[in-house]
Amino acid sequence: MRDWVEVRRGGYHDSVTLMRVSRQLSERPDVAGAMVAMGTELNREMFGRMGFAVPDDAGPDDLVVAIRVEDEGPDGTGLDEARGALDGLLRGASRPSARAGVLGEPAPARTTGAAAARGDATVALLSVPGPYVFPEAMDALDAGLNVMIFSDNVPVAQEITLKEAAARRGLIVMGPDCGTAVVGGAGLGFANAVRPGPVGVVAASGTGAQQLMCLLDAAGTGVSHVLGVGGRDLSPEVSGRSALAALAALDADPATELIVLVSKPPAPQVLDLIREAARRLDTPVVFALPLPGEDDLTRAAEKALRALGRPVPAWPRWTSRGGAAPVPGRALRGLFAGGTLRDEAEMIARDALGRELEARGHRFTDFGDDAYTRGRAHPMIDPTLRLEALRAEAADDGCGVLLLDVVLGYGAEPDPAAALAPAVAAALRDRPGLRVVVSLCGTAADPQDRDRQAVALCEAGADVFASNAQATRHALTLVDGSIVEGTPR
């Protein structure tokens with residue numbers, strides 16, 4: 001084995017590009033391990049866990065390349081070939097269109113405002129590193145565009161300034177950290193392939209919105225618009241600025257017959273403000289909040305269906321061969337890509353177990369949290385961190401049940417079961433007493449094909465549920481037989 005580590009100062013590439021380059025490099029037969037990433041603190045920890053020594057002065061603006069070659073052969077060319085392949089992959093990822101500026105074709109626009117001037121767009125989607133998104137967003141607002149900010153790690157003061165500027169212009173800022181939206185039938189970010197319909201969604205939660213729209217789609221009902229507002233919009237500082245604007249916009253939309261507001265746990269005073277605004281609307285509003293006494297996402301979907309006079313179906317589920325036997329006395333460990341799905345699962349578990357939740361060693365982790373995504377792609381795109389956690393938890397004898405979410409849709413990993421199913425099968429093979437439950441958020445029309453993903457995970461040994469709430473209650477029955485499975489009504 002031979003390791004090679006190089007730091008390329010200021011060599012920025014976006015995290016999705018680097019994830020793909022790392023994966024392609026690792027698939028070479030002469031490479032035993034590889035990671036190409038920006039030198040953030042989290043990525044440095046990842047390099048260390050892989051056994052690579054990264055120079056102390058490598059910083060978040062530096063590109064770190066680490067390659068481990070199994071056998072260089074007598075001529076020592078293995079590493080040189082891997083380095084050459086790396087350079088080719090990076091050049092290919094950053095190469096501009098060959099036709100740009102050729103034979104009279106216009107060169108790409110270099111500013112958001114310039115791009116807006118070329119067409120009749122009404123929305124700008126921004127995905128640049130959070131510290132640099134503010135001028136681009138202001139440029140878009142000045143050009144008369146609503147703005148969806150996919151970027152996270154944006155200072156809250158800048159978020160407030162942007163949303164105040166949007167309000168003065170009669171526009172909406174969706175985000176920052178807005179991963180999902182559907183505007184006029186067009187999915188933006190991590191959106192699912194869902195049918196059009198009468199339900200408008202205001203979402204301070206991307207995966208919460210996805211779970212809701214997927215459940216509605218499974219019931220034969222669609223959405224008019226899904227307006228994401230960013231995970232901090234209902235915080236005390238931001239005070240629901242975009243949520244209030246989105247509620248008003250959907251209330252004025254003739255295609256929207258009912259509104260569902262989905263959020264991560266909001267600040268109580270902001271929730272009161274939102275409820276008061278909702279009471280003044282002509283369009284009825286249903287709330288889906290991961291809070292005690294509130295409707296979970298599945299129950300909110302059912303309430304919306306009943307309000308529209310539509311039947312509530314049995315939500316899809318796929319049970320592994322023979323079913324999963326209980327493992328009482330062991331811990332439940334939730335490994336989530338979706339923050340709201342994680343919050344919902346913990347709320348349901350806390351409601352069932354009370355103070356015993358922590359005492360029994362149950363815990364729930366959101367790998368999409370900002371702490372895990374600085375300099376890395378979201379776990380819905382790059383599952384590396386969560387797969388590592390799965391293997392670590394499976395090796396812990398105190399863990400009896402693993403609860404995971406898999407979120408499908410445009411922009412998400414093209415075939416999540418390809419990596420997850422073998423990891424689940426290996427964990428169950430090494431720990432025959434372990435149980436795995438999967439919350440699968442998607443539709444049959446998604447590019448990953450929900451049903452195909454479900455079958456692959458089920459054949460690996462997991463019990464799979466379309467409802468995150470039902471998946472959580474099923475997992476709880478496995479660690480505590482006194483808990484009744486099913487969604488409360």
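**Backbone and ring details**

Analyst: Asn 153 is partly exposed, at 24% relative accessible area. This is a predicted model. The phi angle of Asn 153 is near 55°, a positive value in a residue that is not glycine. Asn 153 belongs to the loop that links strand E5 (146–149) with helix H6 (156–169).

Next comes another loop. The peptide bond from Gly 175 to Pro 176 is cis. Its omega is near 5°. Asp 177 is also found in the loop between E6 and E7. Phi of Asp 177 is positive, near 60°, and the residue is not glycine. Asp 177 has a relative accessible area of 35% and is partly exposed.

Now the rings. The whole structure contains two aromatic pairs. One of them joins Phe 367 and Tyr 372. Their centres are 5.1 Å apart, with 50° between the planes. Phe 367 is buried, at 8% relative accessibility. Tyr 372 is partly exposed, with a relative accessible area of 29%. Phe 367 counts as buried because its 8% is under the 20% cut-off.

The charged end of Arg 68 lies over the ring of Phe 52, 4.3 Å from the ring centre. Arg 275 is placed over the face of Phe 287, at 4.7 Å from the centre of that ring.

Terms used: Residues are numbered from 1 along each chain as its sequence is written. This is a predicted model: local features need pLDDT of at least 70, side-chain atom pairs count only at pLDDT 80 or more; totals for chains, interfaces and linings use all residues. Side-chain values use heavy atoms; hydrogens and water are left out. Helices (H or I, at least four residues) and strands (E, at least two) are DSSP runs, numbered from the N terminus. Buried means under 20% relative accessible area, exposed over 50%, partly exposed in between (1.4 Å probe, protein chains only). Rings of Phe, Tyr and Trp (its six-membered ring) pair if their centres lie within 6.5 Å; planes under 30 degrees apart count as stacked, over 60 as edge-to-face and the rest as tilted. A charge sits over a ring if NZ of Lys or CZ of Arg is within 6 Å of the ring centre and within 35 degrees of the ring normal.
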